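Trainee: Hi! Could you walk me through this one?
Mentor: Happy to. Let's bring it up and begin with the ligand.

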Amino acid sequence: MKTSTFQDVQFTNGYEFTQGTGYTLPEYPFVTPPELTQNKTLRHAVVIVGGGITGLTLACALANLGIKAVLLDEDNTVGVKGASSRGICYTQKSLEIFHKLGIFDRIAKKGIQWSVGRTFAGSDEVYNLDLKQQSNFSLSEQPAFINIQQFYIEGFLVEQIQKLGHVDLRWQSRVKAFKQNTNFATLTVETPEGTYDIQADHVIDASGSHTPFHAWTGVTMESKKGDDRWCIADVKFDTRPPTERHTWIEAPFNENRAVWQHLMADDVWRIDYQMEPNADAAYISREDVVRERLERQFGKDVKVDIVWVGPYAYKSQCLNTLRMGRVFFIGDTAKIVNPFGARGGNTGVADADNLAWKLAAVLRGHADEALLESYNDERHEAAKENVKVTRRTARFLRPADGIERAFRKATISLAKQYPFARSLVNTGRMAVANTYRGSRICGDNGGTSVQNVRFQWRKGKPGCLNDLIQWADGRLLILVFGPQPKAALKRLQELSVSGLPVRCVQVLAKGQVAQAREHLLDTQHHLQNACGTVPASGWALIRPDGYLADTGKGVNGALIGAVATSLGL
Ligand SMILES: Cc1cc2nc3c(=O)[nH]c(=O)nc-3n(C[C@H](O)[C@H](O)[C@H](O)COP(=O)(O)OP(=O)(O)OC[C@H]3O[C@@H](n4cnc5c(N)ncnc54)[C@H](O)[C@@H]3O)c2cc1C
């Protein structure tokens, strides 16, 4: 079996450009697992089923924390068997997570950064925005968005996992049966060399929208399917449109239906065309029909190479709980969102990052098993929110006849003239880091994501929040701001050696004198501002997923309480 990576000469361009056959992707070899060589059933602390973007992010996050796991994937490559660009747009929070996992530089080098989005109706530009000008995006080390084909990220994750070790990636390993009892779970795995059983303490279902685990566990869900149909054309041009996200609510060149236009890596443009309700998939993706559609948009003289074409319908679905016994649902197995606003893959990445540090804390003995329940609290809240937001977009883009259609018509015509109506034009609310309002492990001031902002180490060397998180190595990070009374410093010192999984650092503003051994300079107050409202000489408690657990005043019982709460104690 051939093994290849994106670094191989064959894949310097990521895929071979062959019209009609899609992308050519790396192939990973099947390696006989110990269960087959030793002919016995082995027990593992964590078994991840599915090596898509979500399962691989979880595997990489565990590897980054030195936690052992087995990942089973039925395929021998990344992407959807080479068939599609699929997710293309990655948000700042995902990029911050990828930075922590060590693959951000590769993504930034390969992908396309964009911040300007323009929305059109007919031939009028209804409005435009530049995300760089928005304060919520401006402080992080990572940009607002990078566009890159999903399979590149998956491939980079595979290579990073191989580099970090700890995780056994098993390709061509399809889980075909599952059962669980109070002591462990058993999975039956089918491979080219035979079938074997594997036991697990924790099973993470990352096997995507067709997961068999829903039926195996009996989890219940709420699901909706509509008649909206789309067709993707991934294309290359001999001219270069501007590197901006263009969305047409009503495109005159697409029979007044919606169109999205985005640039991805390798100079490939992703054009999504909304089709007639219930359109015939075979017809709308026929090459001559696609070419005619492209010609209507770009003109006869522009030479277009078709990289890949794919029709799609979508549904949205949310489980009623993200945990059934030993099984945790992440990514598309937890929820499926309508494909607007880049919420599918990005929220899967966030699911993985949320679960990874909790599993690590429990397996290292830093936290009680109860901490794992907070995965459901936090990510179920996020899943419901993301399903709701993307359903609203779907209704704007494919309104029902009557009041929904009248609302959309009024909004579009008002938005051309009046700024107030622009916020009602809903071509997709871009994914953001969800806030955990109902979390049992966050305090009143916590539950928000802290941006990966910059600061300076003692001798002026630049650092960023992710450096501190890496340094904390799966422990909670306590930032104390400004001068501290002697008693507080003593308590901080005691906390550091108490055996609690915390790391403490003093954050100093300009002119302030260091008192603690571990300290840094926050001359621009970026770190302090990123933590929300921190009282003078107060503290911020940050989790390994970059979320704020709480803030408070004075190194006292409230801080100890917040540490205990964050660990599910
Ligand atoms: C047209 C389109 C556009 C999109 N655009 C975006 C976007 O811009 N940004 C974004 O964030 N998201 C986007 N998404 C959504 C995104 O692609 C999905 O949300 C994402 O792929 C989900 O990842 P996952 O890892 O949960 O599941 P999947 O990617 O489906 O991965 C599941 C994995 O499990 C494996 N598997 C399945 N069954 C088994 C089994 N029984 N045993 C072992 N292995 C198994 C499969 O081989 C696969 O590798 C888009 C989706 C579509 C369709």
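Trainee: How far is a backbone N or O atom of Gly-345 from an oxygen atom of the ligand?
Mentor: That distance is 2.8 Å. Keep in mind that this is a predicted model.

Trainee: And how much of the ligand does the protein bury?
Mentor: The protein buries 87% of the 1,000 Å² that the ligand exposes when taken alone.

Trainee: Which elements give two or more residues to the shell around the ligand?
Mentor: Those are helix 2 (53-64), strand 9 (174-180) and helix 10 (344-363). Helix 10 gives the most, with three residues.

Trainee: How many residues surround the ligand, and which are the closest?
Mentor: There are 30, and the closest are Asp-73, Arg-86, Gln-150, Gly-345 and Asn-346. By type, the shell has 10 nonpolar, 13 polar and seven charged residues.

Trainee: What about the backbone of Val-175 and the ligand?
Mentor: A backbone N or O atom of Val-175 sits 3.0 Å from a nitrogen atom of the ligand. For Ile-53, a backbone N or O atom is 3.3 Å from a ligand oxygen atom.

Trainee: Changing topic: how many disulfides are there?
Mentor: The count is zero.

Trainee: Are Cys-60 and Cys-464 buried or exposed?
Mentor: Cys-60 is buried, at 0% relative accessible area, and Cys-464 is buried too, at 4%.

Key
Residues are numbered from 1 along each chain as its sequence is written. This is a predicted model: local features need pLDDT of at least 70, side-chain atom pairs count only at pLDDT 80 or more; totals for chains, interfaces and linings use all residues. Side-chain values use heavy atoms; hydrogens and water are left out. A residue is near a molecule or strand if one of its heavy atoms lies within 4 Å of it. A polar contact is a pair of N or O atoms within 3.5 Å; within protein, one must be able to donate a hydrogen and the other to accept it, and residues adjacent in sequence count only if both atoms are side-chain atoms. Accessible areas come from the Shrake-Rupley method with a 1.4 Å probe; for residues, only the protein chains shown count as cover. Helices (H or I, at least four residues) and strands (E, at least two) are DSSP runs, numbered from the N terminus. Ala, Val, Leu, Ile, Met, Phe, Trp, Tyr, Cys and Pro count as nonpolar, Asp, Glu, Lys and Arg as charged, and the others, Gly among them, as polar. A disulfide is a pair of cysteine sulfur atoms within 2.5 Å. Buried means under 20% relative accessible area, exposed over 50%, partly exposed in between (1.4 Å probe, protein chains only).
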